[in-house]
Amino acid sequence: MSRDGPIDGDAGDAPGRVVAVPCEGADVLALFALATGEPLGSVPVGSHPVHAMTTADRTLVATMGERSVTAVDPGGEVTRVDTGVLGPSHFASANGDLYVSCSAGDALAVIDPVELTLTGRVGVGAEPHELAVGPDERRLYSGSRRDGVVDVVDTATRERLGTVDAGPEARVQGVALAPDGHRGYAVDQDGSRIVVFEPAGHGGEEPDAPATRVGHVRNAAAVGADPYDLVVTADRVFVPGRADGTVHEFSPDLTLEAVHEGFSRPVDLFKTNGRWWVLDAEAARLRSLDGAVVDTSAPGLVAAPVGGGRLLVSHYDDDRISLVDVADGTVWTADTPAYPFGAVVV
């Protein structure tokens with residue numbers, strides 16, 4: 001994922017806002033008041049909901065056990081959008097279209113988020129997972145976990161232009177672009193590596209290369225064991241190693257800057273209040289890269305920034321969600337249905 005600069009603001013102070021949490025083990029979208037954590041009910045959304053996003057005043061939920069995406073209107077009305085293939089998991093927006101990776105169908109479903117209709121499908125490498133979009137929204141990049149490539153898709157024609165090969169026996173997990181779009185990154189989970197590649201049309205030796213040019217790998221570096229995701233900013237790249245408790249920090253060309261140790265199972269990073277905070281799936285705390293600690297009610301698997309130095313932390317294995325302030329600690333904690341995943345604010 002690409003994150004350019006601090007994640008701060010005052011969105012968390014807006015009155016009346018609602019937290020929507022896909023609960024994978026209960027097949028519902030659970031709702032809570034952002035300010036207080038008060039439970040507001042739940043909406044059935046289909047089998048194994050994981051990721052959600054908001055668009056056009058709706059919450060869209062990827063239900064990995066279905067051949068559809070579920071849209072929930074502000075009034076609670078539910079619409080199923082057929083994807084035609086199984087396993088929708090991750091979302092990305094480009095040129096007014098919504099792309100959904102369908103991991104069991106080896107395709108990206110293309111959805112009109114206003115009309116809630118399927119408008120096309122793009123065949124990509126086996127088990128597509130995370131998606132990244134260039135800043136001009138002309139190209140979309142899809143990581144293939146089984147084929148070990150990054151597929152490059154033209155968002156105007158909805159055609160696959162080609163692939164970036166991450167290496168022999170690679171399993172591409174996280175994919176991200178630099179904020180300026182001039183570098184792409186992919187995490188090879190099986191090889192404990194990260195690669196940097198030239199996105200289509202950004203060749204260093206060919207600055208005037210046509211837009212259809214497919215990027216190639218420029219460099220690679222070792223990271224901690226079992227890397228899953230990455231965080232990319234204008235001047236840094238971070239890769240948590242879930243199996244060895246490390247966070248590798250690189251410059252944009254993958255020059256190693258530091259290896260941060262002492263975590264249990266680091267899964268994500270967020271910059272707020274001037275510090276980088278690490279979410280740890282086996283420790284009931286947030287810990288910054290410089291050693292500050294904020295205790296939480298349980299370990300967190302997924303978090304979402306809501307502004308003002310606050311994060312919504314989903315405690316997946318403990319069936320809870322918390323609003324955590326990195327300066328003041330936990331604001332509230334609420335019980336959820338089974339296995340809460342990535343929350344959004346609506």
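Residues 5–12 of this predicted model have a pLDDT under 50, and the model gives this stretch 18 contacts beyond four places in sequence. Across the chain the average pLDDT is 92, and 92% of the residues score at least 70.

**Nonpolar cores**
- The largest nonpolar core comprises 19 residues, and those with the most contacts inside it are Leu60, Val69, Phe91, Leu98, Val100 and Ile111.
- At least two residues of this core come from each of strands E4 (49–55), E5 (58–63), E6 (68–72), E9 (97–102) and E10 (107–112).
- Beyond its neighbours within four places in sequence, Leu60 contacts His51, Ala52, Met53, Thr55, Val69, Thr70, Ala71, Phe91 and Leu98.
- Another core, of 15 residues, lies apart from the largest one and includes Leu34, Ile321, Leu323 and Trp332.
- In soluble globular proteins, nonpolar side chains tend to be buried together.

**Glu24, a buried acidic residue**
- Glu24 is located in the loop that joins strand E1 (18–23) to strand E2 (28–33).
- Although Glu24 is buried, it has no salt bridge; Arg145, the nearest side chain of opposite charge, is 10 Å away.
- Setting aside residues up to four places away in sequence, Glu24 touches His48, Pro49, Val50, Tyr316, Ala338, Tyr339 and Phe341.

- Strand E30 (residues 320–325) is largely enclosed by the rest of the structure, because 5 of its 6 residues are buried.
- Strand E29 (residues 310–315) pairs with E30 in the antiparallel sense over 6 bridges, and Arg310 has Asp325 of E30 as its bridge partner.
- The hairpin of E29 and E30 has 4 residues between the strands, and in this hairpin Asp319 adopts a positive phi near 55°.
- E30 also pairs with strand E31 (residues 329–335), in the antiparallel sense and over 6 bridges; here Arg320 is opposite Asp335 in E31.
- The hairpin formed by E30 and E31 has 3 residues between the strands.

**The open sheet E20-E21-E22-E23**
- An open sheet is formed by 4 strands in the order E20-E21-E22-E23, with antiparallel pairing.
- Strand E20 (231–232) and E23 are at the edges with a single partner strand each, so one side of each has no neighbour in the sheet.
- Within the sheet, strand E21 (residues 237–241) and E22 are paired in the antiparallel sense over 5 bridges, with Gly241 opposite Thr246 in E22.

**Positive phi at non-glycine residues**
- Leu254 is not a glycine, yet its phi is positive, at about 75°.
- Leu254 belongs to the loop between strand E22 (246–250) and strand E23 (256–260).
- Leu254 counts as buried because its relative accessibility is 6%, below the 20% cut-off.
- Glu127, likewise not a glycine, has a positive phi of about 55°, and its place is in the loop between strand E11 (117–123) and strand E12 (128–133).

How values were computed. Residues numbered from 1 in each chain as written. Predicted model: local features only at pLDDT ≥ 70, side-chain atom pairs only at ≥ 80, totals over all residues. Heavy atoms only, no water. Buried < 20%, exposed > 50% of the residue type's maximum accessible area, 1.4 Å probe, protein only. Core = buried A, V, L, I, M, F, W, Y, C linked by side-chain atoms within 4.5 Å. Contact = heavy atoms within 4.5 Å. Lys, Arg positive; Asp, Glu negative; His and termini not counted. Salt bridge = Lys/Arg side-chain N within 4 Å of Asp/Glu carboxyl O. pLDDT = per-residue confidence, 0-100. Pairing = 2+ DSSP bridges.
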